[in-house]
Amino acid sequence: MTDWHEVREALRAFALGLPEAHEDHPWGDTVIKVGKKVFVFLGVDEPTDKWDPSFSVKLLSEAHGHALTVAGAAPTGYGLGRAGWVTVPLLAELPPTEVLLDWVEESYRAIAPKRAVRLLDER
């Protein structure tokens with residue numbers, strides 16, 4: 001397993017450990033949702049001619065600017081970037097995994113219902 005696989009799996013496992021989180025596969029991509037809302041896009045399982053491994057999260061704090069400093073990172077397409085979503089390539093030189101997990105948690109907190117966030121805070 002290459003490093004990006006390990007990072008992707010760490011993001012996936014962490015996200016799935018958050019209250020009421022579950023995995024879904026719309027459009028052939030892997031996403032993690034809380035309720036019916038996506039809080040992390042993990043994309044395709046393997047690179048293709050059109051897609052490189054990446055993940056997308058919604059960041060509304062200074063983490064948004066930090067995420068955009070990763071080489072190749074950009075506001076997420078389909079209009080999501082205007083709402084704070086950032087897509088980060090997994091093949092880039094990434095910050096420590098703990099920082100990436102913080103970004104996943106921030107995205108969860110931005111998307112999850114208040115009751116789910118309370119469950120997280122009670123841990």
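Q: In which helix is R8 found?
A: R8 sits in helix α1, which covers residues 3-16. Keep in mind that this is a predicted model.

Q: Why is R8 called buried?
A: The cut-off for buried is under 20% relative accessible area. R8 has 9%, so R8 counts as buried.

Q: Where is T30, and why is T30 called buried?
A: T30 belongs to strand β2, residues 30-34. Its relative accessible area is 3%, and buried means under 20%, so T30 is buried.

Q: What does T30 meet?
A: Its side chain makes a polar contact with the side chain of H25, at 3.3 Å. Leaving aside neighbours within four places in sequence, T30 is in contact with R8, E23, D24, H25, F41, L42, G43 and D45.

Q: How do you know whether the size of the protein agrees with a compact globule?
A: You set two values side by side. A compact globule of 123 residues would have a radius of gyration near 14 Å, and the protein has 13 Å, so the two agree. The C-alpha trace spans about 40 × 30 × 30 Å along its principal axes, and buried residues make up 43% of the 123 residues.

Q: How many helices and strands are there, and what pattern do they follow?
A: There are four helices and six strands. Reading along the sequence, you get α-β-β-β-β-α-β-β-α-α.

Q: What is the volume of the largest pocket, and which residues are closest to its centre?
A: The largest pocket has a volume of about 500 Å³. It is lined by 17 residues, and D29, F41, W51, S56 and Y78 are the closest to its centre. The elements giving two or more residues to the lining are β3 (37-43), β4 (54-58) and β6 (85-89). Of these, β3 gives the most, with three residues.

Q: How do the lining residues of the largest pocket divide into nonpolar, polar and charged?
A: Nine are nonpolar, six are polar and two are charged.

Note on methods: Residues numbered from 1 in each chain as written. Predicted model: local features only at pLDDT ≥ 70, side-chain atom pairs only at ≥ 80, totals over all residues. Heavy atoms only, no water. 1 Å grid on protein atoms, 1.4 Å probe; cavity = no way out; pocket = protein on both sides within 12 Å on 5 of 7 lines; lining within 4 Å. Points joined across faces, edges and corners; volume = space filled by probe spheres on them. Nonpolar A, V, L, I, M, F, W, Y, C, P; charged D, E, K, R; others polar. Buried < 20%, exposed > 50% of the residue type's maximum accessible area, 1.4 Å probe, protein only. Rg over C-alpha atoms; globule rule 2.2 N^0.38 Å. Polar contact = N/O pair within 3.5 Å; in protein donor to acceptor, adjacent residues only side chain to side chain. Contact = heavy atoms within 4.5 Å.
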